[in-house]
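Please keep the sequence and the structure in view as you read.

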Amino acid sequence: MYKKLAITLSITSVLFASGCNKEVSYSKDVKPILTASCVECHDGKGEGSEESGLILLTYEDLMQGTNYGQVVVPGNGVSSTFYRLIAHETDRKLHMPPHHKEAGTSRLMAPLSDKEIETVKTWIDEGAKNN
Ligand code: HEC
């Protein structure tokens with residue numbers, strides 16, 4: 001039983017390590033993060049899309065951005081609002097998903113993990129492709 005677990009863990013780490021050279025995929029890597037942590041408020045009806053215009057259901061929606069313009073600068077993660085909000089590089093009340101009492105949203109959620117934040121940044125740095 002323990003041996004089986006150890007084997008599973010070592011296979012997982014090999015797959016993970018070899019995955020480092022692979023491009024981040026929008027559909028396999030980024031979209032699931034948005035579906036889990038963002039879509040419920042940014043689905044076209046929720047408070048996130050009501051207030052900002054940003055819908056996060058499809059790639060096209062994301063690239064369309066907010067009422068004020070694009071939030072992804074392809075090839076430049078650190079300049080992308082989309083990355084800056086999840087990585088806590090903006091005003092606290094704008095951190096996404098909302099997780100501070102300053103947020104002013106109907107509820108708060110857990111921030112994204114470092115790995116999820118890094119995945120989004122790498123995807124943008126690699127050109128924010130619809131891959
Ligand atoms: C609990 C609801 C909620 C969740 C979950 C949520 N948002 Fe938001 N989001 C909002 C609200 C409300 C606004 C409008 C805030 C404002 O403009 O003051 C907003 C605005 C934004 C904006 C535009 C900010 C601007 O004004 O330029 C971006 C980008 C954004 N959210 C990204 C995300 C991402 C990415 C996630 C998931 C990681 C997420 N949001 C999850 C409620 C939410």
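Histidine 42 touches Gly48, Ser49, Leu54, Ile55 and Leu56, leaving aside residues up to four places away in sequence; two residues are in contact here if their C-beta atoms, placed from the backbone, lie within 7 Å. You will find histidine 42 in the loop between helix H2 (26–37) and H3. Helices (H or I, at least four residues) and strands (E, at least two) are DSSP runs, numbered from the N terminus. Histidine 42 counts as buried because it has 26 C-beta neighbours inside 10 Å. The cut-offs for that word are these: a residue is buried if 20 or more other C-beta atoms lie within 10 Å of its own, exposed if 12 or fewer, and partly exposed in between, with C-beta atoms placed from the backbone. The C-alpha atom of histidine 42 is separated by 9.9 Å from that of aspartate 61, and the two residues are 19 apart along the chain.

A word on what you are looking at. This is a predicted model, in which local features need pLDDT of at least 70 and side-chain atom pairs count only at pLDDT 80 or more, while totals for chains, interfaces and linings use all residues. Residues are numbered from 1 along each chain as its sequence is written.

Now step back to the whole chain. The protein chain has six helices and zero strands, so its elements read α-α-α-α-α-α from the N terminus on. Of its 131 residues, 23% count as buried. Among contacts in the protein chain with a separation of 6 or more, 44% come from residues 24 or more positions apart.

Next, look at the ligand. It is surrounded by 24 residues, and the closest are Cys38, Cys41, Gly48, Met96 and Pro97; a residue is near a molecule if its C-beta atom, placed from the backbone, lies within 6 Å of it. Helix H3 (47–52) and helix H5 (81–86) each supply at least two residues of this shell. By class, the shell has 13 nonpolar, seven polar and four charged residues. In that count, Ala, Val, Leu, Ile, Met, Phe, Trp, Tyr, Cys and Pro are nonpolar, Asp, Glu, Lys and Arg are charged, and the others, Gly among them, are polar.

A cis peptide bond joins methionine 96 and proline 97, with omega about -15 degrees, and proline 97 is found in the loop between H5 and helix H6 (114–125). Histidine 88 also lies in the loop between H5 and H6. Although it is not a glycine, histidine 88 has a positive phi of about 65 degrees. With 16 C-beta neighbours inside 10 Å, histidine 88 counts as partly exposed.

Which residues of H6 are buried? They are Val120, Lys121, Trp123 and Ile124. Seen down the axis of H6, these buried residues fall within an arc of 160 degrees, so they line one face of the helix; the arc is that of the directions from the helix axis to the C-beta atoms. H2 and H5 are among what covers them. On the other side of H6, Asp114 and Lys115 are exposed.

Just after H6, glycine 127 takes a positive phi of about 110 degrees. Alanine 128, in the segment after H6, has a positive phi of about 50 degrees although it is not a glycine. Alanine 128 is buried, with 23 other C-beta atoms within 10 Å.
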